[in-house]
Amino acid sequence: KRKIIMDVDTGSDDAIALVMAMLCEDFDCLGICSVNGNVEVKLTTDNSLRVVECCDKQGQVKVYKGCDLPIASTLMPWTAQSLRPFPTREGTREGQTVVHGDHLPLPAPTIKEERDSAVVWLINTLLDSEDGEITLVPVGPLTNVAVAMRADPRIIPKIKEIFIMGGGHLVNNSSPAAEFNIWADPEAMEIVLQSGCKITMVPLDATHQAYITVDEAQKIRAIGTKPAQLVADLVESRTAGYGVNDAEMKALNAAPIHDALALCAVLHPECLKDVLHVNCHTDISRGFAYGQTIIDRRVRVNPEPKNCYFALGADKDVFYNWVMDVLEKDKAK
Ligand code: BDR
Ligand code: CA
């Protein structure tokens with residue numbers, strides 16, 4: 001089994017990724033770290049706990065509450081006014097409320113997060129592991145991972161690889177230049193990118209090709225289990241949300257399930273297409289492109305070192321079949 005740690009800002013597509021992380025037999029999900037992102041961290045934690053109970057994994061998979069603000073950026077709408085050195089535009093994230101809302105459509109959790117913070121638990125868990133044993137799957141802003149790396153760099157060789165949902169080359173969503181997870185904490189992304197870990201970036205260019213349609217959601221719903229029901233509900237609500245701003249998804253009657261694609265890639269690399277091995281930096285210059293992931297596609301004599309695999313496409317069928325397969329096998333258990 002592949003040992004993974006999920007780092008999430010749950011979030012509807014995070015919730016689908018969590019379902020898959022906990023139910024897929026090929027994963028050993030060691031824990032869930034929550035982070036500030038789609039909504040405030042108290043809500044991403046609460047939502048993650050709801051998903052754990054929906055999958056009946058209470059007592060088995062634990063949730064650790066992570067960082068409540070980005071490392072340096074002040075763009076998040078709920079960043080305390082007092083922390084802002086200069087006025088910022090608020091609520092720049094299109095479709096935020098329609099795509100996610102505050103709470104998942106699940107009962108309030110009866111379980112609680114653990115005492116240790118996500119950063120402390122990440123450091124201790126990685127230090128106690130063998131070199132190259134644990135794979136990280138951050139599908140929200142990179143704050144927890146970056147803070148852990150800065151606090152204790154001895155964790156870096158412990159990490160087998162990192163699959164990141166984030167970034168965009170030709171597709172972006174939070175500014176003309178930036179994808180949300182990176183826009184929300186650009187400095188954190190840059191710390192992780194330059195860490196030396198093996199990194200696969202699953203940006204919007206890939207995830208927009210890994211959508212699930214409302215027709216497919218019906219097939220998922222027909223499986224009949226609670227987690228399948230949740231996945232179907234979320235695909236439908238996401239499709240309604242995307243329909244407001246995204247003509248392509250509206251026409252497809254579908255929504256991209258970004259975070260679950262990054263997780264799928266851990267087991268099924270063929271779900272990603274057009275993967276470039278490149279040098280990537282994050283724009284942290286606080287200008288118009290703040291949070292942009294910039295890949296160097298030039299053919300050069302002395303290139304900067306390649307530091308990530310950056311996927312520009314995805315195979316929708318590999319992804320959807322995996323989702324179905326995991327949910328069906330879970331039912332058969
Ligand atoms: C990313 O931003 C979040 O809203 C989603 O959960 C996903 O991780 C997509 O840009
Ligand atoms: Ca997310």
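Helices (H or I, at least four residues) and strands (E, at least two) are taken here as DSSP runs and are numbered from the N terminus. The model is a predicted one, in which local features need pLDDT of at least 70 and side-chain atom pairs count only at pLDDT 80 or more, whereas totals for chains, interfaces and linings use all residues. Residues are numbered from 1 along each chain as its sequence is written, and chains are lettered from A and ligands numbered from 1 in the order in which they are written.

On these terms, the protein chain has 13 helices and 11 strands. The radius of gyration, taken over C-alpha atoms, can be set against a globule rule of 2.2 Å times the number of residues to the power 0.38. Because a compact globule of 333 residues would have a radius of gyration near 20 Å, the 18 Å of the protein chain agrees with that rule. The C-alpha trace spans about 55 × 45 × 45 Å along its principal axes. A residue is buried if 20 or more other C-beta atoms lie within 10 Å of its own, exposed if 12 or fewer, and partly exposed in between, with C-beta atoms placed from the backbone; 53% of the 333 residues count as buried. Two residues are in contact if their C-beta atoms, placed from the backbone, lie within 7 Å, and among contacts between residues at least 6 apart in sequence, 81% join residues at least 24 apart.

Two strands are said to pair if DSSP finds at least two bridges between them. An open sheet of nine strands, with mixed pairing, has the order β3-β2-β1-β4-β5-β6-β11-β9-β10. Its edge strands, each of which pairs on one side only, are β3 (63-65) and β10 (293-296). On average, and with direction ignored, neighbouring strands of this sheet are turned by 30 degrees against each other, where axes are lines fitted to C-alpha atoms, for helices over the stretch in contact, and angles run from 0 to 180 degrees between N-to-C directions. Helix α7 (residues 186-193) packs on the sheet, where it touches β5 (159-165), β6, β9 (272-282) and β11, and its direction makes about 105 degrees with that of β9.

Within the sheet, four bridges join the parallel strands β1 and β4, and the bridge partner of Asp 7 in β4 is Pro 138. Strand β4 also pairs in the parallel sense with β5, over three bridges, with Thr 135 opposite Glu 161 in β5. Five of the five residues of β4 are buried; Ile 134, Leu 136 and Pro 138 point one way from the strand, and Thr 135 and Val 137 the other way. Strands β6 (residues 199-202) and β11 (residues 308-314) pair in the parallel sense over two bridges, and Thr 200 has Tyr 309 as its bridge partner in β11. The pairing of β9 with β11, by contrast, is antiparallel and extends over six bridges, with Val 275 opposite Ala 311 in β11. Strand β9 is likewise antiparallel to β10, over four bridges, and Thr 282 stands opposite Thr 293 in β10.

Helix α5 (residues 143-151) is mostly covered, with seven of its nine residues buried. These buried residues are Thr 143, Asn 144, Val 145, Ala 146, Val 147, Ala 148 and Met 149, and what covers them includes β1, β2 (27-34), α4 (118-127), β4 (134-138) and α7.

A residue is near a molecule if its C-beta atom, placed from the backbone, lies within 6 Å of it. Of the 13 residues around ligand 1, Gly 11, Asp 13, Asn 38, Phe 180 and His 258 come nearest. The elements that give two or more residues to this shell are α1 (12-23), α6 (180-184) and α12 (258-267). The shell divides into three nonpolar, six polar and four charged residues, where Ala, Val, Leu, Ile, Met, Phe, Trp, Tyr, Cys and Pro count as nonpolar, Asp, Glu, Lys and Arg as charged, and the others, Gly among them, as polar.

Most residues other than glycine have a negative phi, and most peptide bonds are trans. Asp 56, in the loop between α2 (41-54) and β3, has a positive phi of about 60 degrees although it is not a glycine, and it counts as partly exposed because it has 14 C-beta neighbours inside 10 Å. Asp 274, in strand β9, has a positive phi of about 50 degrees although it is not a glycine, and its 13 C-beta neighbours inside 10 Å are why Asp 274 counts as partly exposed.
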